[in-house]
Amino acid sequence: LKQQFKTILMYPCTVIVLAGIVTVYLLLTVVPQLQTFFQHAHQPLPWSTALLIGFAAWVKTYGAYLSCISIVSILYLKNAYQHVVALQRRIDKWVLVIPGTGILCQSLYLARAFQALAMTQQASLPLPDGLQWVALITGNFCYKQAFLQMQRSVQQGDSLRSAILQTKIFPELVVQILSLGEESGTLPILLNDLAHYYTQTVEDS
């Protein structure tokens, strides 16, 4: 699933990078020629062209510094993400609500989590232990906290439905299906069904 997700994002990321390269190339090569053309024609520069030429000059002067700052900032942010809990929480929460890819990210994390939880149930692992193990492999801070919260609630004697509702992060579909699985004793089967549903959602995207 993780590889499929990377493949899905590869195209838009490639388009953005190429668009950026082409834009910089045009600013550094084509735009200065516009300035030369207007100077030879002895015509005043339109304000939009003057603004574009000024921006091109700024990129030519400070572009290298900006690139270095950007690279350092990305590396710093990556390191901070791994060590600062508040930043990790904010970024992982933002990932789940990005327009266009937020639903896809949610489906990816849920498919992975329910597939793992189904395996723990099929292996007759106690539900609290299974929830704790799943929390460690979800790959998203928000879902990790949600599964840990569910684990504590179940250990304290709450029903699975009550534990899910307390997290306020799972879709209603998940609440209904897991509640049904808990009441009917078919939790492993329905967990597999949920994993298959969200896996199919990722593949269809």
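In the predicted model, Phe114 makes contact (heavy atoms within 4.5 Å) with Phe147, Phe170, Val174, Leu178, Leu191, Leu194, Ala195 and Tyr198, when its neighbours within four places in sequence are left aside. Phe114 is also listed, together with Phe147, Met150, Phe170 and Leu178, among the residues with the most contacts inside the largest nonpolar core, which has 34 residues. A nonpolar core is here a set of buried Ala, Val, Leu, Ile, Met, Phe, Trp, Tyr and Cys residues joined through side-chain atoms within 4.5 Å, where buried means under 20% relative accessible area, exposed over 50%, and partly exposed in between, with a 1.4 Å probe and protein chains only. At least two residues of this core are supplied by each of helix H4 (102–122), helix H5 (127–135), H6, helix H7 (160–167), helix H8 (172–184) and helix H9 (187–204), and H4 gives the most, with nine residues. A second, separate core of five residues includes Leu27, Val31, Ile53 and Ala56. In soluble globular proteins, nonpolar side chains tend to be buried together.

Residues are numbered from 1 along each chain as its sequence is written. As the model is predicted, local features need pLDDT of at least 70 and side-chain atom pairs count only at pLDDT 80 or more, whereas totals for chains, interfaces and linings use all residues, and side-chain values use heavy atoms, with hydrogens and water left out.

The protein has nine helices and zero strands, these elements being DSSP runs (helices H or I of at least four residues, strands E of at least two) numbered from the N terminus. Of its 205 residues, 32% count as buried, and residues 24 or more positions apart account for 51% of the contacts with a separation of 6 or more.

Ile53, found in helix H2 (residues 47–83), is buried because its relative accessible area is 10%, and its C-alpha lies 9.5 Å from that of Gln33, at a sequence separation of 20 residues. Gln151, in helix H6, counts as buried at 8% relative accessibility and is in contact with Pro128, Leu131 and Gln132, leaving aside its neighbours within four places in sequence. Lys168, by contrast, lies in the loop between H7 and H8 and counts as exposed, because its relative accessibility is 77%; the C-alpha atoms of Lys168 and Ala146, 22 residues apart in sequence, are 8.4 Å apart in space.

The second largest pocket holds about 160 Å³ of space. On a 1 Å grid over the protein atoms alone, a pocket is an open set of points where a 1.4 Å probe fits, with protein on both sides within 12 Å along at least five of seven lines, and lining residues have an atom within 4 Å of a point. This pocket is lined by Arg89, Lys93, Leu96, Val97, Phe141, Cys142 and Gln145; helix H3 (85–95) and helix H6 (141–155) are the elements that give two or more residues to the lining, and H6 provides the largest share, three residues. By class, the lining has four nonpolar, one polar and two charged residues, where Ala, Val, Leu, Ile, Met, Phe, Trp, Tyr, Cys and Pro count as nonpolar, Asp, Glu, Lys and Arg as charged, and the others, Gly among them, as polar.

Terms used: Grid points are joined across faces, edges and corners, and a volume is the space filled by probe spheres set on the points.
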